[in-house]
Amino acid sequence: MTEATAPAAADSPRPSARLDDNDPPWPLRPWIMAAICAVAGLAIHLFVDRQYVAEPAPLLDALAAFVAIGTTVFVLGVELRRWHWALGFALLWGAVMGLITWHSAGYNFGGSPIEWPFWSGILAVLVATPLFQTRRDVAPDWRFWKLWQMPYARLHSHAWTDAVIGAASLAFVGITFLLTVLIGQMFKLIGINLIFDLLNDEWFGWMLAGAAFGGAVGLLRERDRLVSTLQRLVMIVLAVLAPVLAVALVLFLLSLVGTGLQKLWDSGFSTAAVMMGVAAFAVLLANAVIGNGADDRATNPVLRWAAPVLAVAVLPLAGIAFYSMHLRVIQYGWTPERIWGVIAAMIALAYGLAGVWAVARGRRDFDDRLRPLQQKLAIGLALLALFLALPIVDFGAISTRDQLARLKSGAVPVEKFDWAAMAFDFGPSGRRALGDLAKSPDKAKADLAKWALQSEDRWKLVGHDQKIDVRKAEFEAKAIEEKVRVLPEGRTLPPGVYSMLRERRYCDDVLCVARWLDDGRLIVVRPPNASMLLAPKENGEWREDADAYGNLRHSDDLTNEELKNATVEVREVKRRQLFVNGVRAGEDFE
């Protein structure tokens, strides 16, 4: 494969520190990257600053993601050679991540843009960036098909170098902030507060973080021979851990033969997550041992034998994870998280099968067969992660259909149905289904669906692992006017009182009593033992009189049933209290 060449650098006063001779020195890179990232940091601040935005703003979240991802990809991957390729690649991924963020932000009711599709898109970016860098280095033109024919050594080197540079640059950001804080405090001691005040402004923090990150990436890219040495050091350190994990996995898998899998399910931890995490570490450490190529693999016999053990162990670990997810789905049905979990387990299975096949065919030189397989798997993983991140397949709709089928068939009783997931995890399909259930002739289902739709957060709703109190849910589904008993009988409350009680969520799950006083104020009693005095404002709203707020002095906590028919009256009482200069001090003592 032909190597694309760049014009040789002019006579330089110092030898190049670049790893690839086709990349001439770029002395201004750190300053250019720092400036780009500083401007990007300011833009991100403007997009995410919600001081004057009361409602969620998916468009602003999308713009922030576009700037953040696009800038990061550009500064990590740009070279003078074919810099316009890097710009186009960064703009493309920024737009993709902006679309994913925009869709995720508006998918669930009050949801966050940082959902599973967002992380899937980030994974696609992380895998695609070294693929792009390798193709940029060796491709004779811009055509990006036949990616699997790229040299593995260069691809592997780009992936590790990006990880090392990214981690080191983030560490540099932390050090920069620490140093700036110390300098600011030093000047504050002599009465100069400029730096200290700037640190309290969010826009300055974003710009400082961006400039530090961009400058660090630029410095390290211009010294990638040094970064290569650091990368090798990291791989050597990780490779030393390979035998430890290999022995632990052999003992663990042999132990399972005697104990069975039941103890895994009884442990209380997510078996699938643990198994896939260990499998990911096994793949990482195996790659640290085999290196970029045959000339780069570890020579220590212990390390050489640990690598195939790790490669083979990935398959049973992935199998256990997949079986665990299978049991979970059978027991509780599909949810978006379980769909993502099954897909992750299938990816782990693919890596496990590739490892077993490579070891079976290559024996001691299994890595020669494993490397091209891993390259193909990386390309497939990037494409799959991108496909899953884009709003093409609706996992919420799939989960809604499955959960509704389980509810209608009686596989899950009404009181154990996951109303919280339907309202807050399944997107528009879940809330549409709740709207249909709210019209159901089955009163229990209708009340629970209304309860879920009216809830402003998922924490008020009980998941399927706990039995729902149906009577309580029916009460919470009622309007606020039905939850307040007004005394004396026949009187009503102004809308402002109901608005305040609704905003304070004072009577969401309990019956309250509102008792009018002679002067137009009123006291609201809330079980089990709280009360507050409300007074009108000039604009028609109502406020709480903090001086009169207190707890009920009751031998036993009140319940809804007791308060429904309880006698609530206002009495005049005499008391004795200490006064100092006419001002009361402390509580009354008689």
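Trainee: Leaving aside its neighbours within four places in sequence, which residues is leucine 310 in contact with?
Mentor: Leucine 310 is in contact with Ala242, Leu245, Ala246, Leu249, Ala282, Leu285 and Ala286, once neighbours within four places in sequence are set aside, where contact means heavy atoms within 4.5 Å. This is a predicted model, in which local features need pLDDT of at least 70 and side-chain atom pairs count only at pLDDT 80 or more, while totals for chains, interfaces and linings use all residues. Residues are numbered from 1 along each chain as its sequence is written, and side-chain values use heavy atoms, with hydrogens and water left out.

Trainee: What about the largest nonpolar core, which residues have the most contacts inside it?
Mentor: Leu249, Val289, Leu310 and Phe366 have the most contacts inside that core, which has 39 residues. A nonpolar core here is a set of buried Ala, Val, Leu, Ile, Met, Phe, Trp, Tyr and Cys residues joined through side-chain atoms within 4.5 Å, and buried means under 20% relative accessible area, with exposed over 50% and partly exposed in between (1.4 Å probe, protein chains only).

Trainee: Which elements give two or more residues to this core?
Mentor: Those elements are helices H8 (224-259), H10 (271-290), H11 (301-332), H12 (336-362) and H13 (366-389), and H11 gives the most, with eleven residues. Helices (H or I, at least four residues) and strands (E, at least two) are DSSP runs numbered from the N terminus. A second, separate core of 34 residues includes Leu76, Trp85, Ile100 and Val217.

Trainee: Staying with H11, is arginine 304 buried or exposed?
Mentor: Arginine 304, which lies in helix H11, is buried, with a relative accessible area of 14%.

Trainee: Switching to glutamine 133, what does its side chain reach?
Mentor: The side chain of glutamine 133 reaches the backbone oxygen of leucine 76 at 3.4 Å. Glutamine 133 is found in helix H4 (residues 116-138) and is buried, its relative accessible area being 1%. Beyond residues up to four places away in sequence, glutamine 133 touches Leu76, Gly77, His158, Asp162 and Arg221.

Trainee: How many disulfides does a search of the whole structure find?
Mentor: The search finds one disulfide, defined as a pair of cysteine sulfur atoms within 2.5 Å. Cysteine 507 and cysteine 512 form it, with their sulfur atoms 2.1 Å apart.

Trainee: Why is it called left-handed?
Mentor: The disulfide of cysteine 507 and cysteine 512 is left-handed because the torsion about its S-S bond is about -110 degrees. Cysteine 507 counts as buried at 0% relative accessibility, and cysteine 512 is buried with a relative accessible area of 0%.

Trainee: And H16, what do its buried residues pack against?
Mentor: They pack against helix H14 (395-409), helix H15 (419-424) and helix H17 (443-454). The buried residues of H16 (residues 427-437) are Gly427, Ser429, Gly430, Arg431, Ala433, Leu434 and Leu437.

Trainee: Zooming out, how many helices and strands are in the protein chain?
Mentor: The protein chain has 20 helices and seven strands, and buried residues make up 45% of its 590 residues. Among its contacts with a separation of 6 or more, 68% are between residues 24 or more positions apart.

Notes
Polar contact = N/O pair within 3.5 Å; in protein donor to acceptor, adjacent residues only side chain to side chain.
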